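Here is a friendly walk through a structure you can follow on screen. Take a look at it first, and then read on.

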Amino acid sequence: MTVSRPWQLTMRVLAIAWLLALLLVPVALIFYRTFEPGIGAVWDSITTPAAISAFWLTIEVSAIAVVVNTVLGVVMALALARGRWRGKWLMDTVIDLPFAISPVVVGLSLILVYGTTGWFGRDLADAGIQVIFSTPGIVLATVFVTLPFVVREVTPVLREVGDDQEQAAATLGASGWQTFWRITLPSIRWGIAYGVVLTTARAIGEFGAVSVVSGKVSGETETLTLLVEKRFANFDLAGAYAASALLAAIALLTLLVMTTFNRRREEA
Amino acid sequence: MSVIALPRRRPAVRSGALALGISTLWLSVIVLLPLAAVVVRSLDGGVGDFWDAVSSRQAVAALRFTILVSLATAAINAVTGTLLAWVLVRDRFPGKKVVNALIDLPFALPTIVAGLTLLALYGPNSPLGIDVAFTQFAVLLALLFVTQPFVVRSVQPVLIEVDREMEEAAISLGASNRTVFLRIILPNLLPAILSGAGLAFARAVGEFGSIVLISGNVPFDTQVSSVYIFKLIESDAPIGAAAVSVVLLLVSVIVLALIRLLGRWGARHDR
């Protein structure tokens, strides 16, 4: 079907106008508003002790979530793609749940298990471990919401490459580990890389679940996204914009890496 | 044959069982245990309290608005997403690669930043003079922003694969563009459009970060269920919050199941 020239142009203009109005102009405006007061003010605003601490907490939590979800994501992908057992659909559904559940509900669920009145609340308090309103709670929330990304990227790749090479390696006497390191891992590396980028972006940007369990103590349990909200609530608009611009810059970088990886993945 | 098959199967099965065991344990601890806590503890105060919490006027109003605005989001996405996918697949223009990359921006951008961003352009200090902050329309706008990639990314690959010969055959038999689109292209895309819209709906129902700043959280007006749950947690009513969460969870699970069925239908359509 060949669309007539006027129709083609109309659709092109409509599509781009929609993206401009909904995405690009707002994001561009944030950068403009951020740098309106001058680059010195922005620098001061993202190097306050609270901002620096929020930045490092965000990095720390994201790093843990990425490592844990990558390792276990590959394990789950192997179970889904290579295992022969009943009830796979159930595991498939459970893995998708974090995508469909409200982040606020995720935060609440952690409070109901690990909070002071939670299932394990008293035992944890007796052991002197604080999960909710502390870093472990933020980590658990972030791990929950980012759980599906690596599995969802790696499973189809594993199915695609099949297990012929793995079986050949096994017949030739390779151990399970050798087969994994030399055959399986190299063939899924771009899938893993893409999943890691998605996990990182979501972990850095997570707000709802973290907001419920963090307690928002400045300098201790405040992540970058929480800092944005607090500054906005305290009428520090310039500060909120500066922290947002930092997060948006990280997002744009993520997008760049995603595009590059996607190309590599398709070539592979 | 069986002599060779036996030894080479063994390692695969053993590592498979290990992977299955670890996966089950991990999912149980991280996902199922907390969700079970929400369901079980929503009944801590008995069935009466549960019912009171989910049938309170504010809870019902919030849920009603959440479902309606999410349906609107899904419907608008179905149209704009298909349009964007069409332009990205069938059109050629300079800068198309950049546009294609930018589609994923909402997935990469933190939701709280998305909300602040929309507030800057369409809020009280709007340089365009458009101020929709704290209205139901603002909630719709935020949801459209964060769900924008779903339909595009689900339709795009299908549109690339659509059999152009079918279209050419129809045209050579005298069918108009309209007929070709409605009778050949659209039926091929429909499963993808619906599953993308379903994902957008599921995401919209639970969305929190992008809405919290721009909605103003006005009860009976712009308050969505996730924000209502958040308020309940903050006012130290976790059991009531759990009850409302169960309803929201139920909606998510149903939508997820429908998308799964749709996927199967789409796969059959392919054959």
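## Where the chains meet

In this predicted model, the contact draws 74 residues from chain A and 72 residues from chain B. On the side of chain A that touches chain B, helix 1 (residues 5-35) of chain A gives the most, with 17 residues. That side of chain A is made up of 53 nonpolar, 14 polar and seven charged residues.

## Two helices crossing in chain B

Now turn to chain B, where helix 7 (residues 136-147) packs with helix 10 (residues 177-206) at an angle of about 130°, their axes 10 Å apart. Angles from 65 to 115 degrees count as roughly perpendicular and those over 145 as roughly antiparallel, so helix 7 of chain B and helix 10 of chain B are oblique to each other. Their crossing is right-handed.

Which residues make the contact? Helix 7 of chain B brings B:Leu143, B:Val146 and B:Thr147, while helix 10 of chain B brings B:Ala200, B:Arg203 and B:Ala204. Sorted by type, the residues of this contact are four nonpolar, one polar and one charged.

## The largest nonpolar core

The largest nonpolar core has 162 residues, and those that touch the most other members are A:Leu108, A:Ala141, B:Leu116, B:Ala142 and B:Ile229. Helix 3 (residues 49-82) of chain A gives the most to this core, with 15 residues.

Leaving aside residues up to four places away in sequence, B:Ala142 touches B:Ala114, B:Gly115, B:Leu118, B:Ser210, B:Ile211 and B:Ile214.

Definitions and conventions: Residues numbered from 1 in each chain as written. Chains lettered and ligands numbered in written order. Predicted model: local features only at pLDDT ≥ 70, side-chain atom pairs only at ≥ 80, totals over all residues. Contact = placed C-beta atoms within 7 Å. Helix = DSSP H or I, 4+ residues; strand = E, 2+ residues; numbered from the N terminus. Nonpolar A, V, L, I, M, F, W, Y, C, P; charged D, E, K, R; others polar. Axes fitted to C-alpha atoms, helices over the stretch in contact; angles between N-to-C directions. Parallel < 35°, antiparallel > 145°, perpendicular 65-115°, else oblique. Left-handed = near helix turned anticlockwise from the far one by under 90°. Core = buried A, V, L, I, M, F, W, Y, C linked by C-beta atoms within 7 Å. Buried ≥ 20, exposed ≤ 12 C-beta atoms within 10 Å, placed from the backbone.
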